[in-house]
Amino acid sequence: GCTSLKTVTFEEGSELYKLGNDAFNSCVNLTELNTIKAASDLKYILNSAFVGCSSFKNLKIDASLRLIDAYAFQQMSSLETVEIASVAEVGDYAFYDCDNLKSVHIGGGLVVDGVGKNIFKSCDNLTNVVFENGTLAVGYAMFEDCVSLVNISLPDSLVEIGERAFDDCRSLTTITVPDSVEQVGRYAFHGCTSATTAYIGHKAENIGEYAFQGCISLQSITIP
């Protein structure tokens, strides 16, 4: 990586639409990426583009992205906040093991076939997640082993919660599956040991095997 690089600025009117594979991989002193504006042409952030940028703290993208590819922001050990206006597809392990990440806000756009595996897996300090309306799916093991996750806001547009989506989210106290959700995958809330109540929306057609196994504090489940 470019070990002396500290700042990347996308200027107003930039026509850049793609950041390629490993574009800023292991730029360990990169601390500032200016907000990518809504009018930006940027649509694609490809494989491992920022992996290992261990000094970077805050990511804000106001542009509407088509793709954040696999491993794009993996192991950014100082990353604390992620705010993305809209993204259609996110690849496997895109934010895996960002162990200082605390807050995620995604404006919408995620489609069922566009959600990769283990996107935020093992983000140990993640406490707060918000998905705005327009998100259709929470993918396979998306938040698995996010042991500090307390607050998760899921939108009424959601139709699927994938297998192991919240497996071992042991700090989650309340489970709310929106009325729009049709599928809850296997092991979806497995090991959520602090959860005391759960609400499953009325459109749910299938609750997978072991979806609530190991929820030892669960006292009530409401299914309209």
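Buried means under 20% relative accessible area, exposed means over 50%, and partly exposed lies in between, with a 1.4 Å probe and protein chains only. At 1% relative accessibility, Phe 166 counts as buried.

This is a predicted model, in which local features need pLDDT of at least 70, side-chain atom pairs count only at pLDDT 80 or more, and totals for chains, interfaces and linings use all residues. Residues are numbered from 1 along each chain as its sequence is written, and side-chain values use heavy atoms, with hydrogens and water left out.

**Parallel sheets**

Strands here are DSSP runs of E, at least two residues long, and are numbered from the N terminus. Two strands pair if DSSP finds at least two bridges between them.

- Three strands form an open sheet, in the order S12-S14-S16, with parallel pairing.
- Its edge strands are S12 (174-177) and S16 (220-222), and each pairs on one side only.
- From one strand to the next, the twist averages 10 degrees, where axes are lines fitted to C-alpha atoms and angles run from 0 to 180 degrees between N-to-C directions.
- Strand S14 (residues 197-200) pairs with S16 in the parallel sense, over three bridges.
- Tyr 199 stands opposite Thr 222 in S16.
- Another open sheet has four strands in the order S9-S11-S13-S15, and its pairing is parallel.
- S9 and strand S15 (206-207) stand at the edges with a single partner strand each, so one side of each has no neighbour in the sheet.
- Strand S13 (residues 183-184) runs parallel to S15, and two bridges join them.
- Val 184 has Ile 207 in S15 as its bridge partner.

**Aromatic rings**

Rings of Phe, Tyr and Trp (its six-membered ring) pair if their centres lie within 6.5 Å; planes under 30 degrees apart count as stacked, over 60 as edge-to-face and the rest as tilted.

- The whole structure holds 13 aromatic pairs.
- Tyr 17 and Tyr 44 form an edge-to-face pair, at 6.4 Å centre to centre and 80 degrees between the planes.
- Tyr 17 lies in the loop between strand S1 (7-8) and strand S2 (18-19) and Tyr 44 in strand S4 (residues 44-45), so their pair ties together parts 27 residues apart in sequence.
- Tyr 17 is partly exposed at 47% relative accessible area, and Tyr 44 is partly exposed at 24%.
- Phe 143 and Phe 166 are stacked, because their ring centres are 5.5 Å apart and their planes are at 10 degrees.
- Phe 143 lies in the loop between strand S9 (137-138) and strand S10 (151-153), and Phe 166 in the loop between strand S11 (160-161) and S12, so this pair ties together parts 23 residues apart in sequence.
- Phe 143 counts as buried, at 0% relative accessibility.
- One aromatic cluster includes Phe 24, Phe 50, Phe 73, Phe 143 and Phe 166.

**Charges over rings**

A charge sits over a ring if NZ of Lys or CZ of Arg is within 6 Å of the ring centre and within 35 degrees of the ring normal.

- Lys 117 lies over the face of Tyr 140, at 5.6 Å from the ring centre.
- Arg 164 has its charged end over the ring of Tyr 187, 4.1 Å from the centre.

**Nonpolar core**

A nonpolar core is a set of buried Ala, Val, Leu, Ile, Met, Phe, Trp, Tyr and Cys residues joined through side-chain atoms within 4.5 Å.

- The largest core has 66 residues, and Phe 50, Phe 95 and Phe 143 have the most contacts inside it.
- Strand S5 (58-68) is one of the elements that give two or more residues to this core.
- S5 gives the most, with five residues.
- Leaving aside neighbours within four places in sequence, Phe 50 is in contact (heavy atoms within 4.5 Å) with residues including Leu 19, Phe 24, Ile 45 and Met 76.
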